Amino acid sequence: MKGRDRILLGAVGGALLLWLWRRRQAPLDLADSVVLITGASSGIGRAAAHAFAAQGARVVLVARREAVLRAVQEELAIYAAPTLVVPADVTRDADLEALVGAVLAAWGRIDVLVNNAGLSYGGPLEEMDPARIRALAGVNLYGPLNLTRLVLPVMLRQGGGHIVNVSSVAGLIGAPGMAAYTATRRGLARFSDALRRETAGTGVHVSTVYPSWTATPILGELDVQQLYDSRVLNGWDGIDSPDIPAMAIVDAVRSRRRVVILGGGWMRAGALVERVAPAALDLFWRAVVDIPAYLAAVRRLGA
Ligand SMILES: NC(=O)c1ccc[n+]([C@@H]2O[C@H](COP(=O)([O-])OP(=O)(O)OC[C@H]3O[C@@H](n4cnc5c(N)ncnc54)[C@H](OP(=O)(O)O)[C@@H]3O)[C@@H](O)[C@H]2O)c1
């Protein structure tokens with residue numbers, strides 16, 4: 001065997017061993033960790049709050065509606081893990097500064113940040129109210145970036161932490177009628193990748209979770225049957241319960257997964273095709289999907 005072949009074989013063997021070793025690492029114990037979740041008053045954030053509290057974590061519940069957060073806090077009493085309610089609008093700098101200050105005053109650390117709060121509006125771009133585009137950019141992109149900017153120094157001082165950015169499969173596969181939402185979700189995902197490389201070796205981990213269609217209030221008045229009729233949904237995939245992305249978020253932290261794509265193999269295949277052969281996905285949308293039916297469905301998102 002030539003020297004170059006030996007080096008190549010050694011590199012492949014080393015990479016395989018490293019991969020096996022990482023897979024064998026026991027999942028992290030989250031008991032007593034401080035976990036801050038935005039958008040905890042509803043849907044995926046609320047389910048994630050349950051999932052983290054069930055692991056014994058101390059959960060900070062963040063959203064705008066304080067009364068709803070208090071109701072979630074009451075639900076979490078069954079786990080006997082401490083919780084903290086901090087009402088905040090993620091688009092407001094002062095709210096986020098006060099939020100980080102309140103968590104540090106109460107518990108002195110932040111181990112996990114879940115950037116989950118989000119909005120969704122659909123419909124043809126030329127019909128979209130600019131106020132909605134601004135709201136999407138504010139809640140789905142500016143908020144998580146700014147909150148991460150504030151939490152990161154805390155984690156770096158501690159010598160470790162984990163940031164989970166909740167994007168969407170729409171951030172992997174561009175969907176007509178959701179161009180503005182897609183842009184914010186893709187932006188958050190690429191932010192995640194960049195930050196993960198920026199924080200490498202510091203003890204701070206960064207994950208991106210890409211939920212697929214999930215039954216939460218974000219869907220607004222969306223008619224699921226219409227989605228099936230448009231052929232965007234089919235026999236292979238459907239609508240997830242919020243527990244599925246919630247468990248994926250917890251698992252991303254416990255097993256230090258960089259990326260979790262939900263929605264099954266169909267979505268992962270679509271994401272791959274989008275990357276390597278976008279023309280094939282253009283063809284799929286034109287040849288398979290009933291676009292007018294699909295646009296009529298997504299126009300009701302967030303309504
Ligand atoms: N459901 C899906 O099909 C789906 C699919 C892919 C990705 N996702 C992503 O999953 C995340 C959670 O969505 P969801 O489905 O759980 O939606 P949801 O049930 O509507 O929850 C959205 C949460 O965001 C909070 N929020 C909205 N604007 C806010 C603001 N300005 N400041 C602070 N909190 C704010 C809401 O609380 P308040 O109203 O009390 O502030 C609520 O708790 C989003 O990022 C979404 O893009 C969802």
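A salt bridge is a side-chain nitrogen of Lys or Arg within 4 Å of a carboxyl oxygen of Asp or Glu. The model is predicted, so local features need pLDDT of at least 70 and side-chain atom pairs count only at pLDDT 80 or more, while totals for chains, interfaces and linings use all residues. Residues are numbered from 1 along each chain as its sequence is written, and side-chain values use heavy atoms, with hydrogens and water left out.

**Exercise 1.** Find the salt bridge partner of aspartate 111 and state whether aspartate 111 is buried or exposed.

Solution. Step 1: the partner is arginine 109, with the closest N and O atoms 2.7 Å apart. Step 2: apply the accessibility classes, where buried means under 20% relative accessible area, exposed over 50%, and partly exposed in between (1.4 Å probe, protein chains only). Step 3: aspartate 111 has a relative accessible area of 13%, so it is buried. Arginine 109, at 32%, counts as partly exposed.

**Exercise 2.** Locate the salt bridge between glutamate 66 and arginine 70 in the secondary structure.

Solution. Step 1: helices (H or I, at least four residues) and strands (E, at least two) are DSSP runs, numbered from the N terminus. Step 2: both residues belong to helix H3 (residues 66-75) and stand 4 residues apart, about one turn of the helix. Step 4: glutamate 66 is partly exposed because its relative accessible area is 37%, and arginine 70 is partly exposed at 35%.

**Exercise 3.** Describe the pair arginine 196 and aspartate 193, and name the network that contains this pair.

Solution. Step 1: the two side chains form a salt bridge of 3.1 Å, N to O. Step 2: both lie in helix H6 (residues 179-198), 3 residues apart, about one turn of the helix. Step 3: salt bridges with shared partners join Arg190, Asp193 and Arg196 into one network. Step 4: arginine 196 counts as buried at 16%, and aspartate 193 counts as buried at 12%. By the salt bridge rule, the count comes to 9.
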